[in-house]
Amino acid sequence: MKLKRSLIAAAILLILLAIAIGTYIKTTESAGGGGAAHPDISGTWERTPDDWFGENPDDPVHPGGPMDLKEPYAKAYAELKKKQAAANQAGTPLATTSAKCLPEGMPTLMAALFPIQIIHDDKQVIVLGEYLQQVRRILLNEPMPAKEELDPAYQGHSRGHWEGNTLVVETQGVRTDVTFYNVPHGKDMKITERIRLRDPDHLENQVLIEDSEVLNTPYRFTFEYKRSDYKIQEYVCENNQIVIDKEGKASLSRE
């Protein structure tokens with residue numbers, strides 16, 4: 001009888017110990033401590049499906065359909081599209097960001113016109129863009145500085161945190177000379193991303209752009225990526241041979 005009581009007491013002790021360990025692990029994960037097991041989104045990623053750009057790779061479709069632009073932005077965008085079409089027809093296309101050797105900026109970097117690579121740990125997520133060796137830093141579990149403290153940058157300033165298996169990222173402070181599919185934005189634009197693995201080889205990025213100066217309504221879309229074994233290369237413009245005239249038309253220098 002004494003042995004039986006001892007065995008029962010030992011079993012109860014083991015059960016209580018298991019409950020305590022489970023509670024500790026759950027609490028640690030919720031607090032973002034060392035026990036947290038977030039999805040591994042590291043690696044090189046390319047946009048999918050392969051024809052995501054539409055019928056013309058040089059004029060990719062907007063990922064969320066037409067943007068609901070306010071005036072005078074709607075009229076200016078329509079005029080720009082006509083001007084681009086005429087210049088393309090004449091064989092003198094208007095200079096693009098790449099022709100000017102300028103960074104793509106946010107959120108175009110995440111459009112992965114060139115492959116992107118993601119590296120992360122428990123303090124930050126780094127996104128590397130092959131084109132011009134762009135670097136985007138997403139600081140985790142840190143508050144966004146006040147707007148007046150944000151120096152405008154091509155990639156803006158990003159802060160993120162994990163909500164379960166989803167990385168939620170807010171970006172502000174993108175330079176106002178950065179455009180998205182040729183659409184400008186206001187100084188107070190805010191980009192919110194929800195990034196998650198759909199499966200080990202497919203990544204999803206749900207994007208929301210809020211910009212009361214330029215947009216009548218927030219713009220929503222989703223970037224989808226497939227895992228790639230491509231190794232990002234060095235891409236710089238040290239020998240740029242593109243000449244841009246006073247009308248903004250680009251041509252190749254033969255000198």
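## Aromatic pairs

Two rings of Phe, Tyr or Trp (its six-membered ring) count as a pair if their centres lie within 6.5 Å; planes under 30 degrees apart are called stacked, over 60 edge-to-face, and the rest tilted. By this rule, the count is 9 aromatic pairs. The structure is a predicted model, in which local features need pLDDT of at least 70, side-chain atom pairs count only at pLDDT 80 or more, and totals for chains, interfaces and linings use all residues. Residues are numbered from 1 along each chain as its sequence is written, and side-chain values use heavy atoms, with hydrogens and water left out.

## Pairs that include Tyr 235

Phe 114 and Tyr 235 form an edge-to-face pair, at 5.2 Å centre to centre and 85° between the planes. Phe 114 is in the loop between helix H2 (73-89) and strand E2 (116-120), and Tyr 235 is in the loop between strands E9 (219-228) and E10 (242-244), 121 residues apart. Helices (H or I, at least four residues) and strands (E, at least two) are DSSP runs, numbered from the N terminus.

Tyr 131 and Tyr 235 have ring centres 5.2 Å apart and planes at 80°, so this pair is edge-to-face. Tyr 131 lies in the loop between strands E3 (124-129) and E4 (134-140), so its pair with Tyr 235 ties together parts 104 residues apart in sequence.

## Aromatic cluster and charges over rings

One aromatic cluster is formed by Phe 180, Tyr 181, Tyr 219, Phe 221, Phe 223 and Tyr 225.

A charge sits over a ring if NZ of Lys or CZ of Arg is within 6 Å of the ring centre and within 35 degrees of the ring normal. The charged end of Arg 47 sits over the ring of Trp 52, 4.0 Å from its centre.
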